Amino acid sequence: MTLPPFNESEEQARARRGRNIALALGLILFVILVFVVTIVRLGGNVANVF
Amino acid sequence: MAMATAQTTTKTAPAAARWQDYIQLLKPRVMSLVVFTGLTGLVCAGKPVNPILGAVAILCIAVGAGASGALNMWYDADIDAKMRRTRGRPVPSGKVQGADALAMGIVLSIFSVMLMGMALNWLAAGLLAFTIFFYAVVYTVWLKRWTAQNIVIGGLAGALPPVIGWAAASGAAPLNAWLLCAIIFMWTPPHFWALSLYTREDYAKAGVPMMPVVAGAASTRRQILTYSLLFLPFAIAPAFTGLGGLAYLAVSILGGAVFLLLAVRLARSQAGEASGERNDDGLYDVRAGARDARNLFAFSILYLALLFATLLGERLAGARALELFH
């Protein structure tokens, strides 16, 4: 069993875990969003490069 | 005493902020309203938009509005703590640190504006940046604590989302887009002052110069009626500018008549004169004396929602605009 990194209560540790997961999901969604927007914006123009 | 309090605060472990508390910083109810009006602007522009880019535009408007809400909650934590309606917010209740709210507001502002610019166009991004700046700096920092005209001028921030949506779709902001903005802008004073008539004790306690606190209840009731008379032509105007159809004309006139009736009844009432007119259970639970103010406040929300829903419904259903002046 690993010790908690800070002197925090069980509730605080749970809340921190929840915040970290929410932030990770937000960042992943943002990356996907930028990728999808890029593909949509490029559209058919991708083929014209070659 | 203050030092003792500060020392106690530093020794106490910070409250466990849940991710839901950070969502509350974004004022989800306000976000849902700007999503609705922004979407109406986007659809009314009448230009074909890729559905994914359209969704990104609405997301950017929502996140931008949320960011300005977080900045507002950071700056206003001191007065929010004194008012019943706002003292449970994440910063004054101690769940989220003020600095975290500020950081979140700045980061989301930058992300939403940059994404809007890259995904849609820079006119929409510029309008979004201006809206965030206007709400967070011009309204929150400058107007709110300084003048009784705070919500009149500050209402521009809440009125801009349809223009941003329109610009996102078409890359332009023509007069019809600004007409949608004008509708919300002119709607704000009667809507907000009706509410502040029966919450004025909170505003007085917090030192916010809302109209009923500064000019008194009778003057506020008269001004609500004046602004209602000025607002209604704007509400009906889209039926004459090629924006609304027959359904819009009917809804705007019938709803406008009810709006005016409620404003007249409020002007003749004594709402805002007695103390303790609001009960503890939410914004709509008031004592008998404030019912006319509560009724106008509640109907104003319904009327604005109906106006935009009708415009949206007509466009999506392919109904023809009236174009009475064309």
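A residue is called buried if 20 or more other C-beta atoms lie within 10 Å of its own, exposed if 12 or fewer do, and partly exposed in between, with the C-beta atoms placed from the backbone. The model shown is predicted, so that local features need pLDDT of at least 70 and side-chain atom pairs count only at pLDDT 80 or more, while totals for chains, interfaces and linings use all residues. Residues are numbered from 1 along each chain as its sequence is written, and chains are lettered from A and ligands numbered from 1 in the order in which they are written.

**View 1. The surroundings of B:Ala319.** B:Ala319 counts as partly exposed because 16 C-beta neighbours lie inside 10 Å. B:Ala319 is placed in the segment after α14 (291-317) of chain B, where helices are DSSP runs of H or I with at least four residues, strands are runs of E with at least two, and both are numbered from the N terminus. Apart from neighbours within four places in sequence, B:Ala319 is in contact (C-beta atoms, placed from the backbone, within 7 Å) with B:Gly245, B:Ala247 and B:Glu314. From C-alpha to C-alpha, B:Ala319 and B:Ala298 are 29 Å apart in space and 21 residues apart in sequence.

**View 2. Residues where α3(B) meets α4(B).** The residues of α3(B) that meet α4(B) include B:Val30, B:Gly38 and B:Leu42, and among their partners in α4(B) are B:Gly54, B:Ile61 and B:Gly69.

**View 3. Chain A.** Chain A has two helices and zero strands, and of its 50 residues 2% count as buried.

How values were computed:
Contact = placed C-beta atoms within 7 Å.
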